[in-house]
Amino acid sequence: MTVAVTGATGQLGRLVIAGLKDKMAASDIIALARSPEKAADLGVTARKADYDAPETLAPALAGVDTLLLISGSEIGQRTAQHRAVIDAAKSAGVGHIVYTSLLRADTSPMSLAVEHRETEALIKASGLTYTILRNGWYTENYTGSVPGAVQAGALVGSAGDGRISSAARADYADAAVAVLTAGDHVGKTYELAGDSAYTLSDLAAEVSTQTGKTIPYQNLPQDEYAKILVSVGLPEGFAGALASFDVDASQGALFHDGRDLSDLIGRPTTPLSTSVSEALA
């Protein structure tokens, strides 16, 4: 069986490729990337696959049995990009497609959910067999700001007391590897989230414990938080989107108490304390 992974040089893609190499022959793994030269260190065949150059996609998928479609990162362009990949997969004779969607994409209030809903519908209409991995939030989305919070003396956000059931990126990668390499997952949709939920106040408390400094959580109005994100260098549109995601989190959009993720990977998801420790290292 030949498995191909889109976005293979991204953070999630690299982890998936590494995990696949532990489970199957490297010769049966294909890394798909916009710039294949960036995949040279992955130790597998790399092929050019550019979402915005559809003519590259079908040749890149030749001989592929199962495709992991890691959702693109360009918000607003993803439905069209994903449609191009799905169409190419059909024409290339790919047998099965696995897609990284969003937690509860069918009902989520998050603006991010729209393109995921549209992509899920395209996959189901394609005639290909499929598995949907609805990934919750990556813990790294929050712990990435931990060093800055320590420096500033406070963690800021707009998530209020919303509980966040995130998991480490490596946990989601392991789930993808499990689905790609073992068991019958055809037609299944998995809601993937961390075993334990936390608030941003809990995150600040964990940072305080590990650093020995008092790092409070300061909750801000959405527009004020967006301005802070712009002030540290984020583009205005992206900053606004991140702030809106926090508000969604305050209303429960990132909370889930299912165990699909830990069941798939056969172990508990990575504890928040471990992710904080890695962020501080």
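Select Arg104 to start. Arg104 is partly exposed, because its relative accessible area is 22%; buried means under 20%, exposed over 50%, and partly exposed in between, with a 1.4 Å probe and protein chains only. This is a predicted model, in which local features need pLDDT of at least 70, side-chain atom pairs count only at pLDDT 80 or more, and totals for chains, interfaces and linings use all residues. Residues are numbered from 1 along each chain as its sequence is written, and side-chain values use heavy atoms, with hydrogens and water left out.

Stay on Arg104. Find it in the loop between β5 (96-102) and α4 (113-125). Helices (H or I, at least four residues) and strands (E, at least two) are DSSP runs, numbered from the N terminus. Check the backbone too: phi of Arg104 is near 50°, a positive value in a residue other than glycine.

Which side chain does Arg104 join through a polar contact of 3.4 Å? Select His256. A polar contact is a pair of N or O atoms within 3.5 Å; within protein, one must be able to donate a hydrogen and the other to accept it, and residues adjacent in sequence count only if both atoms are side-chain atoms. His256 sits in the loop between α10 and α11. Is His256 buried or exposed? His256 is buried, because its relative accessible area is 17%. Show its surroundings: leaving out residues up to four places away in sequence, His256 touches Leu103, Arg104, Ser165, Glu191, Ala193 and Gly194. Contact here means heavy atoms within 4.5 Å.

Next, the aromatic rings. The whole structure holds 2 aromatic pairs. Rings of Phe, Tyr and Trp (its six-membered ring) pair if their centres lie within 6.5 Å; planes under 30 degrees apart count as stacked, over 60 as edge-to-face and the rest as tilted. Select Trp137 and Phe245, an edge-to-face pair with 5.7 Å centre to centre and 80° between the planes. Trp137 is in the loop between β6 (129-135) and α5 (140-143), Phe245 in helix α10 (residues 236-250), 108 residues apart. Both Trp137 and Phe245 are buried.

Move on to the largest nonpolar core, which has 31 residues. Such a core is a set of buried Ala, Val, Leu, Ile, Met, Phe, Trp, Tyr and Cys residues joined through side-chain atoms within 4.5 Å. Select Val5, Val16, Ile17, Leu20, Leu68 and Leu192, which touch the most other members. Elements giving two or more residues include β1 (3-5), α1 (11-21) and β2 (29-33). Which element gives the most? That is α7, with 7 residues.

Zoom in on Ile17. Apart from neighbours within four places in sequence, Ile17 is in contact with Val5, Ala8, Ile29, Ala31, Leu42 and Val44. Now pick Ile29, in strand β2. Ile29 counts as buried because its relative accessibility is 0%.

Then Pro54, in the loop between β3 (45-48) and α2 (57-60). Pro54 is partly exposed, because its relative accessible area is 47%. The C-alpha atoms of Pro54 and Ala84 are separated by 5.9 Å.

Last stop: select Thr6, Leu32, Ala49, Tyr51, Leu57, Ala60, Leu61 and Val85, which line the largest cavity.

Methods: 1 Å grid on protein atoms, 1.4 Å probe; cavity = no way out; pocket = protein on both sides within 12 Å on 5 of 7 lines; lining within 4 Å.
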